[in-house]
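Subject: Structure for you to look at

Hello,

Here is the structure I said I would pass on. My notes on it follow below.

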Amino acid sequence: MMQLLERLGVDTTGFDRWQIHWAGAESSATWWAAGILLIALVLFLWPAVRRARGGKAALLLSLRLLGAAVICFALFQPSLRLAKVVRLTNSLAVLLDTSESMNLGESNSGPSRLAQALKFVDGNRRYFDDLEEKFQVRYFAFAESPRLLPGRPEASLAATGAGTHILESMTDALKELGSQPVAGMLILSDGADNGRLRQILKAREDQAGLALRIPDLAEFPAPVHTVLCGKPEALHDLAITEAVHDEYGFVHNPFLIKVKLKSAGRFADRVALTLKSGDQVLVSREVELDLKQETTEVKLDFTPRKVGEFLYTLEVPVFAGEASDLNNRLSFPLRVLRDKVRVLYIVGNPSWDERFLRMAMKRNPSVDLVSFYILREYQDDPMAPQDELALIPFPTQKLFTEELPNFDLVIFQNFFGMEYLLPQYMMLLRDYVKVRGGSVLVIGGIRALLGGIAFNAPLEEILPVELGPDWPNLEEGDYVMYLTPAGRTHPITRVAQDPAENERVWKSLPALSGINRTLRAKPGALVLGEHPFAKGPGGNLPVIAITEAGAGRCLVVATDSTWHWNLPAVGQGKSNKPYQIFWDNALRWLLQDPEMKLLSLTREKGRYQPGEEVRLALEVLDESYQPTDQARVKLEVAEAPSGAELPIPEPTPAGKGKYNFTLKPAAVGGYRLRASAMLAGRSLGHDEVLFEVAEEKREFEDVALRPEWLAEISRETGGKSVRADAGTAELSFKNPVVEKITGTRDFPLWDNLFTFLCALAPLSLEWFLRRRWGLS
Amino acid sequence: MPPFRLDRRELLKLLLASGLGLPAYARSQVRRPGSMFMIPERPSFFFTQLIYGQGNQWLPHPTAAESFLQILVQRTSVPAGPERKDIALGSDRLFYSPFLYLSGAREFAPWSEPEVDRLRQFLEYGGFLLVDDALGASGSGFDQSFQREFSRLFPGEILAKLPQDHTVFQTYYLIDRVVGRKAGRPYLSGVDREGRTVLIYSPNDLAGAWARDSFGRFMHQVEPGGERQREMAIRLGINIVFYALTVDYKKDLIHVPFIEERRRRRVWP
């Protein structure tokens, strides 16, 4: 054909292929036009053909169809296309695993997996020579991503990668090959993936029967051969691979941990699994290793005894000859919370204030309320024998001498303890707050906040207000409480987020009725709400006052009418939400809710490498919850690994109450740092963070060879999976001819006189014959 | 500790009250300050009766409330106001009176829609209503009228009988018999909202058993159980007040074993 074209005068220099190209066929409009044309011609011809007989009809039909065919030919715009074609070389990627797990051997004295991989490359030189001859071979070292090597891997290659991401590296290597056709990929690895492949295959293992495909492999354009470097049957290792547990634990409640132990090689039938907090052993259990299944699941439970955040460590012993001893321990931080908040609620006598507060507390499912109401006083005569009464004794001795430490909060509402309690109970109550960090809420009323008596002196020590000697001190009269400057920003009295809206809400609440006339707020106490005009020696009478009392807290509400903010508010067409929010806030503050702390110490993450910078941020608020730069802040080490030295740097102020600390702990282990702050001689409390310094050991969490995972990659892509000592016989790659058209030239065959005449001639002849035969 | 003092005004009130034969007021004012440390009482519970209908239709037993309050104060620590308060559904002070008492013997005209809405809101946000059929007879005019208003208050709901283990039967006294001046229907009915019974209906004329004349004598015969039945009606009233004030306090775990033990041991009269 090329010769014919040259004779016809076409310059074919540089072209080595020809073909007919139908440009019109690419448009559906062309197909529609051709179809309509054919139908129209036949319909127009039909009356004439019907009158003709035999051979005449056939001739007329043929002529018209021929004309139509030529017109259709032209519609499809044929052209003669000459093409320049180049033959391409297929490329091939060889990926060598250089993650840290490749440093391991079957035992701690045998050749490493990397050494076995390099030996495979070196020992099969002819195979690789052959590949390089036929293909464009690129060599990559990979761990979490591939790195192009200048040539074949050499003995100097080190396995230092912190992870093994086989699928991700395959995809990235493919991109590195560019637009070259890929004949295949060869991967040398131990298969111990800890990236996407592991996630998918573990999910498949955990949910038996789930047909999880691996999209990266299903769409991979070439076969992948895999070579397992290492001998699974020779591996000796015991590892804690996983500890599954809830995010939070609850104090005094059993906490369950599901531990997965992986054992490769027979070195022990039973091992001791230990859970520690620091150096203290919390629980230890003998575990029988399941030798048929390489993974043994163990359920371990313990009961946390303290609230806070702690670092727990699971350990199994290290046996001689283990591939790695880094995976014989696993640490995890755990925050231990209160399960329930225990509230002791002592009420002088039943009242609506008590009823609505009880309902408010009962709405909170985490509050465990133990209530004692004085329903009958010594002078009351119920006119019924004891067994017809539902009254129970008020177990004051048991409550105050035994049970008090178990409560998080004690509420006295319109209660005068002198009628029921021994003086020493009040001292126990004071110590419960100041030393043990308990909280007390005192709600006013005619029997509440009575001063000037020795009995109440210990209670007075922890109150935020000074009590006068005159009592009863309840002053009648309605008033709308107004917020002090501290009350406008304090979280207890924040019933709306916007400060202006918050103040508006407080002003709109129904009036309170009655106030206990106290003398003044104590130094260090904070008054959040005041009487608008009734004054005492220290100014306007406090309605809501708070104080930090030693390790605990105390709140006084000097009225028993806050229930007016509930039902009466609804009666005035307002919401009772402020009532609920106020008391929720008050309880949270009393219970030292972490979100209401004045100090907040935070870290970026929970685990650091030895020598890595640990950045801590401290945020300091003053007692009215405004950021302050005036505080004297201090950071100290509360816990550290034995022998570790951790210099504490000076804080770097960052403005708006924020301070930064940067530390560099070197010793491995758990660290607890405590920040505290003082403002105008008063403590703003403290906050703690816990973090662990540990060698990154993701590669050693599960060091088992994974021939089945490598086999999965090969099976899904149409490749073969072999062991390093099995040779290269099965590892062949097809080398198909791949050509690429680099240039074309078209010669149209339809837009010329010849085509026009070819269409016109049969139609003209057909017309002539019809006229001649008298058929039109 | 300062001594308890009666000022001249209090003394005058006391003398006047005693002389005029208003025992409830006088006794309550005198007795409560007699607490161990002479702390005067400050009433926080008020027996508030709902005004409705024509004339004194809403007040079938005018002296019952004061009589009951006197007994309540003598027997319990509830700091109750000595006198009944009367209130209409439209009053601004309605929501300051979480305990409402509704009684009657005859049929009454339907409440207006705003009144029904207001009472429903009152009950749902923390109020309590004790309804007492003063006739103590099934199908009385009051009973029928209240049933009609109830279906408007809580459409689609019914007044359900309170079970025997309901807190109201163990708030102060242990009660196993529901009576009033009559004992024909030995049960209380009610309706709950969020675990709280917001309305209790007594069909046996409770207040009829409480009412006394100005000489302190009970006004009505109590049938069929006589004075023991009257005592039970008084106890039931006290328990209902305690329920309104303390809700499920007596269902707290610490009380349960005591109460169960007493119920087990008790020989009911």
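Between chain A and chain B there are 24 residue pairs in polar contact, counting pairs with both residues at pLDDT 80 or more. Bear in mind throughout that this is a predicted model.

On the side of chain A that touches chain B, the elements giving two or more residues are helix H9 (352-362), strand S17 (367-373), strand S21 (474-479), strand S23 (512-516) and helix H15 (567-571) of chain A. H9(A) gives the most to that side, with seven residues. Sorted by class, the side of chain A that touches chain B holds 31 nonpolar, 12 polar and 15 charged residues.

As for the extent of the interface, 58 residues from chain A and 56 residues from chain B take part in the contact. The two chains, A and B, bury about 5,000 Å² between them, and 57% of that is on carbon and sulfur atoms.

Eight salt bridges are counted between chain A and chain B. One of them joins the side chains of A:Arg447 and B:Glu41, at 3.3 Å from N to O.

Over all chains, a search of the whole structure finds 63 salt bridges. Within chain A, the side chains of A:Glu288 and A:Arg270 form a salt bridge (3.3 Å, N to O). That pair links distant parts of the chain, 18 residues apart: A:Glu288 lies in strand S12 (residues 280-288) of chain A, and A:Arg270 in strand S11 (residues 270-277) of chain A.

I also looked at two helix pairs.

Helix H7 (residues 196-206) and helix H18 (residues 707-717) of chain A pack at an angle of about 100°, and their axes are 12 Å apart. H7(A) and H18(A) are therefore roughly perpendicular to each other. From H7(A), the contact is made by A:Leu197, A:Arg198, A:Leu201, A:Lys202, A:Arg204 and A:Glu205; from H18(A), by A:Trp709, A:Glu712 and A:Ile713. This contact of H7(A) with H18(A) has four nonpolar, no polar and five charged residues.

The axes of helix H4 (residues 113-124) and helix H5 (residues 141-153) of chain B cross at roughly 70° and come within 9 Å. In H4(B), B:Glu113, B:Val116, B:Leu119 and B:Arg120 meet B:Glu149, B:Arg152 and B:Leu153 in H5(B). The residues of the contact of H4(B) with H5(B) comprise three nonpolar, no polar and four charged.

Regards

Note on methods. Residues numbered from 1 in each chain as written. Chains lettered and ligands numbered in written order. Heavy atoms only, no water. Contact = heavy atoms within 4.5 Å. Buried area = accessible area lost by both parts, 1.4 Å probe. Salt bridge = Lys/Arg side-chain N within 4 Å of Asp/Glu carboxyl O. Polar contact = N/O pair within 3.5 Å; in protein donor to acceptor, adjacent residues only side chain to side chain. Helix = DSSP H or I, 4+ residues; strand = E, 2+ residues; numbered from the N terminus. Nonpolar A, V, L, I, M, F, W, Y, C, P; charged D, E, K, R; others polar. Axes fitted to C-alpha atoms, helices over the stretch in contact; angles between N-to-C directions. Parallel < 35°, antiparallel > 145°, perpendicular 65-115°, else oblique.
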